[in-house]
Amino acid sequence: MINSDSINQGLVHKRFEFKSAEDGSVYIIDADGNQHIASALWLRERSTAEDTQSRFNHQRLVDPWTLSTDLALEKRVIADDGRRISLTFSDGHHCTLTIDDLRDDFDSDDGLPSVIGWTGDLPLPRATWKAISSTDAAFMEALQTFLRFGFLLITDVPCRNGMVLEVGNRFGCVRETNFGRYFDVRTTDNPNDQAYTALALGAHTDCNYRDQIPGIQLLHCLVNHATGGESTLVDGIAVSQALKVADPMAYELLTKVMVRFRFKDADTSFLSRHPLIEHDAEGVFTSIHFSPRTDFVPLLEAGKLKAFYEARRKLAQMLESPAFEIKFRLNAEDLIIFDNHRILHGRSAFDSHGERHLQGCYIDKDGPASLFRVLRDRYSNVAEEIEK
Ligand SMILES: O=C(O)CCC(=O)C(=O)O
Ligand SMILES: [Fe+2]
């Protein structure tokens, strides 16, 4: 990004458009009015000309690394509205780009609704299966809610065996795991996971012992006559952010120490290491991995180990605090879908004399985001009405 004073001094740009400076360079002015210089090679890579980009699949037909880094612009003509530019390059290539071809390059939300961190007072975001399964508009609204809050309660989901797969397939691709394509959550003899008991489960994320941790989980309630067994959800983004503010050193430790997670049964022996909180190079939250049933802290030097244990306790206390936790009862026909990299789930203990039966499955993390973009592009007039 360049200083906005350096070209077109004093102009306030509300629009996303092309501009060219007197020296012939091309600038892109983003929706916030920031001005970005665009090099010839950067523009050339994005050429949509038929010999460069397939019109069938939008994939490139040339290897962009073979283009010269000294490539220059011979000619540029910007349409009056600033939304289209004709370019001729020093290698003889010619193309026309519209500003929409570059929109993704300047969208920090990657075309998705902005994420909203939430605390314990959030009213449960909900939608009905009837609406979600019958109209694209209702489905898009449900996707939007899911992407913002990281979860959604879907009601009126018929209590059929395996129905959770139908809902999973609406939101993306079902991810089969060692628990099967879908699994029954009810008390069993010799449970290979504590989910299949009547014990309380504190806030946790599932399958941290996998290298590829399933991204999204669905739990569909078929029967709930149990006393107890209330469901809980906590937003890992809100809690991590609060911890970072309250105790930056604790937060830092939790993002650094690789914890070993383990799962074993007769046929399976998974082991994987993850920090409890992960963020990207810019410090933006990417995931949380927390399961006090399956984690093993490495034997660090004594002082660091104590500091880690204190940091972990702080995190755990926040995760179980009513300030952050939502508590509700899942009844028959209710289904919760949640981002297993962001939202922690749990349940209170229940009296195993009353039947409680859920069915669960996992789907890949990026399914809902992909579907949201497809629907946005298909009904772009609807998408524009959705406020960012
Ligand atoms: O019983 C529940 O409500 C949740 C069980 C659970 O944590 C799971 O199946 O992953
Ligand atoms: Fe779980």
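H6 and H7 are roughly perpendicular to each other (65 to 115 degrees; under 35 counts as roughly parallel, over 145 as roughly antiparallel, the rest as oblique). The model is predicted: local features need pLDDT of at least 70, side-chain atom pairs count only at pLDDT 80 or more, and totals for chains, interfaces and linings use all residues. Residues are numbered from 1 along each chain as its sequence is written, chains are lettered from A and ligands numbered from 1 in the order written, and side-chain values use heavy atoms, without hydrogens and water.

**Exercise 1.** Describe the packing of H6 and H7.

*Solution.* Start with the geometry. H6 packs on helix H7 (residues 302-319) at about 100°, with the axes 9 Å apart. Axes are lines fitted to C-alpha atoms, for helices over the stretch in contact, and angles run from 0 to 180 degrees between N-to-C directions. Helices are DSSP runs of H or I with at least four residues, strands are E runs of at least two, and both are numbered from the N terminus. Next, list the contacts (heavy atoms within 4.5 Å). H6 supplies Ala250, Leu253 and Leu254; H7 supplies Lys304, Ala307, Phe308, Ala311, Arg312 and Leu315. Then sort by class: seven nonpolar, no polar and two charged residues. Here Ala, Val, Leu, Ile, Met, Phe, Trp, Tyr, Cys and Pro count as nonpolar, Asp, Glu, Lys and Arg as charged, and the others, Gly among them, as polar.

**Exercise 2.** Classify the packing of H5 on H6.

*Solution.* Take the axes of helix H5 (residues 236-246) and helix H6 (residues 248-256). They come within 5 Å and cross at roughly 130°. That makes H5 oblique to H6. Now the contact: Ser240, Leu243, Lys244, Val245 and Ala246 of H5 meet Pro248, Ala250, Tyr251 and Leu254 of H6. The classes are seven nonpolar, one polar and one charged.

**Exercise 3.** State how the chain is divided and how far apart the domain centres lie.

*Solution.* Domain 1 spans 4-106 and domain 2 spans 126-381; the bounds come from an automatic or database domain assignment. Their centres, taken over C-alpha atoms, are separated by 42 Å.

**Exercise 4.** Locate threonine 98 and list its contacts beyond four places in sequence.

*Solution.* Threonine 98 sits in strand S6 (residues 94-98). Leaving aside neighbours within four places, threonine 98 contacts Phe18, Arg83 and Arg84. Threonine 48 is 50 residues from threonine 98 in sequence, yet 9.5 Å away, C-alpha to C-alpha.
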